[in-house]
Amino acid sequence: MADDGPGAPAPAGRPKEQEIAVPARPAATAVALAAAASAAAAFGALVLLTENPPGRAMATAVGVAGCAAITLGTGFIFYGSRPRPAGDVQTRWMGATVARFMAVPALGLSIYFYLPSGGQFAVLATVGTYLACLAAETATVAWMVNRSLERPRT
């Protein structure tokens, strides 16, 4: 039986699935910018708080940086400049999202129990960073997929 790789013709009776490329640079840049904006907002709020127990800034930094690292790390599951079938890209993106849904709460709980007196702020900063990164990545990936789908098939 022949190898059914990405360049193999579609079996008779089934149309060939459209291929999509999701380059890493635009999506990773959007995630990094969203994480930087979240960090700026979190530390700006920390400066404005009157009661600032020791360790809160460090826990917030760990939450923001950890969430950005989790988002980027799991993003590389589906990033790739080589075109892949659309179904494969969707499956990989769902896998990355499920991995994030498990890793970000674990990070938040570990921060909260590390610093119970001021841990709520750090957890909120972590969740805010996750949502900002997810929104930036989703918008960027949707834009790249739309561009990829508008290209004529070869």
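**View 1. Surroundings of Arg-92 in the predicted model.** Leaving aside neighbours within four places in sequence, Arg-92 is in contact with Ile-77, Phe-78 and Arg-84. The model is predicted. Arg-92 belongs to helix 3, which covers residues 86–114. Between Arg-92 and Ile-77 there are 6.2 Å from C-alpha to C-alpha, although the two are 15 residues apart in sequence. The relative accessible area of Arg-92 is 29%, so this residue is partly exposed.

**View 2. Helix 3 against helix 4.** The axes of these two helices come within 8 Å and cross at roughly 165°. Helix 3 and helix 4 are therefore roughly antiparallel to each other, angles over 145 degrees being counted as such. Their crossing is right-handed. On the helix 3 side, the residues in the contact include Trp-93, Arg-100, Phe-101, Val-104 and Leu-107. On the helix 4 side, they include Gly-119, Gln-120, Ala-122, Val-123, Thr-126 and Tyr-130. Taken by class, the residues of this contact are eleven nonpolar, five polar and two charged.

**View 3. Helix 1 against helix 2.** Helix 1 (residues 24–48) and helix 2 (residues 56–75) have axes that come within 10 Å and cross at roughly 165°. The pair is therefore roughly antiparallel, and helix 1 passes helix 2 in a right-handed crossing. From helix 1, Ala-28, Val-31, Ala-35, Ala-39, Ala-42, Phe-43 and Leu-46 take part in the contact. Their counterparts in helix 2 are Arg-56, Ala-57, Thr-60, Ala-61, Val-64, Ala-68, Thr-71 and Leu-72. Twelve of the contact residues are nonpolar, two are polar and one is charged.

**View 4. Helix 1: length and buried residues.** With 25 residues at 1.5 Å a residue, helix 1 should span 36 Å, and this agrees with its end C-alpha atoms, which are 36 Å apart. Buried residues of helix 1 are Ala-27, Ala-28, Ala-30, Val-31, Ala-34, Ala-35, Ser-38, Ala-39, Ala-42 and Leu-46. Helix 2 and helix 4 (119–150) are among the elements that cover them.

**View 5. Surroundings of Thr-60.** Thr-60 lies in helix 2 and is one of the residues of that helix that meet helix 1. The relative accessible area of Thr-60 is 0%, so this residue is buried; the cut-off is under 20%. Apart from neighbours within four places in sequence, Thr-60 is in contact with Ala-42, Phe-43, Leu-46, Phe-121, Ala-122 and Ala-125. Of these, Ala-42 and Leu-46 are themselves buried in helix 1.

Notes. Residues are numbered from 1 along each chain as its sequence is written. This is a predicted model: local features need pLDDT of at least 70, side-chain atom pairs count only at pLDDT 80 or more; totals for chains, interfaces and linings use all residues. Side-chain values use heavy atoms; hydrogens and water are left out. Axes are lines fitted to C-alpha atoms, for helices over the stretch in contact, and angles run from 0 to 180 degrees between N-to-C directions. Helices (H or I, at least four residues) and strands (E, at least two) are DSSP runs, numbered from the N terminus. Angles under 35 degrees count as roughly parallel, over 145 as roughly antiparallel, 65 to 115 as roughly perpendicular and the rest as oblique. A crossing is left-handed if the near helix is turned anticlockwise from the far one by less than a right angle, and right-handed if clockwise. Contact means heavy atoms within 4.5 Å. Ala, Val, Leu, Ile, Met, Phe, Trp, Tyr, Cys and Pro count as nonpolar, Asp, Glu, Lys and Arg as charged, and the others, Gly among them, as polar. The expected span of a helix is 1.5 Å times one less than its number of residues. Buried means under 20% relative accessible area, exposed over 50%, partly exposed in between (1.4 Å probe, protein chains only).
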